[in-house]
Amino acid sequence: MTLFHALLLGIIQGLTEFIPVSSTAHLLIGQKLLGIPADDAMFSFLVIVQLGTLVSLFAFYWKDLISIAKATINFRHATFDRNLGFYIIIATVPALLAGYLLKDAVEAMFQQPLLQASIRLFSAAILLTLAETLTKKNRTLESMTWLDALVIGLFQIIAVFPGASRSGTTIAGGMFRGFDRPSAARFAFLMSVPVMLAAGGYELLDVIQMPNLAEFLPLLAVGFATAAVIGWFAIKWLIHYLSHRSLYVFAVYCAVVGAGCILSMVL
């Protein structure tokens, strides 16, 4: 991998982490097209570069996150932010458990990048279509309950696997509970903070122990910084988009790119 490769992958991560088209699937496709081997170093890069988009979330939602954290710590006073903090915790538990228990299986799946990308892209296309077609989308976060949070958290388990869209699955999960698109997207982004932080922090321990860390560090830095900058603009664009339009265009896009992955393996 070169610095140019890291820059391109950082751009891909920033553009696709929050837009429901599967950032990991696009990174796997980019990895294949750039001829980068699917090894442990690449897996570490893919996880650490997600921390760049976590910075995007902090930058975009910093006021919300501070308010939620303060209200959750001062839990005796019932407020919307306190409840939202507890719901984020509830929604986070299933994905953390799945990520810990399935870590080895998930890493093994990165050895067949195009196959995994195609499977998850088709899955995203189906899920987004069903979410748009079968849901009422008439609730806001003020009406959220612990059961809503748990169900959306179970949807986030899907995002543990490579190629699955974290934003797509959790936004769809929120819509299946009747939330409107902006509300589902907001909760999906907020609840992804602890999971992304835990995954990145866990992988960081392996990165620190890498024998060629000095050579690998600049690549991580470039990918991280690029993903952070591009990710902020992607969040802003998507929130505005979902206020006026449906998810069908992303479902079609995922299906087309998934078909392209299959064709590239056959031809």
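Okay, so contact here means heavy atoms within 4.5 Å, and helices are DSSP runs of H or I, at least four residues, numbered from the N terminus. Keep in mind that this is a predicted model, where local features need pLDDT of at least 70, side-chain atom pairs count only at pLDDT 80 or more, and totals for chains, interfaces and linings use all residues. Residues are numbered from 1 along each chain as its sequence is written, and side-chain values use heavy atoms, leaving out hydrogens and water.

Let's start with the helix pair. On α1, L9, I12, Q13 and T16 touch S23, H26, L27, G30 and Q31 of α2. Sorting those contact residues gives three nonpolar, six polar and no charged. For that sorting, Ala, Val, Leu, Ile, Met, Phe, Trp, Tyr, Cys and Pro are nonpolar, Asp, Glu, Lys and Arg are charged, and the others, Gly among them, are polar.

How do they sit together? α1 (residues 3–16) and α2 (residues 23–33) pack at about 160°, axes 9 Å apart, with axes fitted to C-alpha atoms over the stretch in contact and angles running from 0 to 180 degrees between N-to-C directions. So α1 is roughly antiparallel to α2, a label for angles over 145 degrees.

Now, a cavity. On a 1 Å grid over the protein atoms alone, that's a set of points where a 1.4 Å probe fits but cannot get out, and lining residues have an atom within 4 Å of a point. Lining the second largest cavity are E17, F18, R166, S167, T170, A188, F189 and S192: three nonpolar, three polar and two charged. Both α8 (166–176) and α9 (181–208) supply at least two residues each to that lining.

Note on methods. Angles under 35 degrees count as roughly parallel, over 145 as roughly antiparallel, 65 to 115 as roughly perpendicular and the rest as oblique. On a 1 Å grid over the protein atoms alone, a cavity is a set of points where a 1.4 Å probe fits but cannot get out, and a pocket is an open set with protein on both sides within 12 Å along at least five of seven lines; lining residues have an atom within 4 Å of a point.
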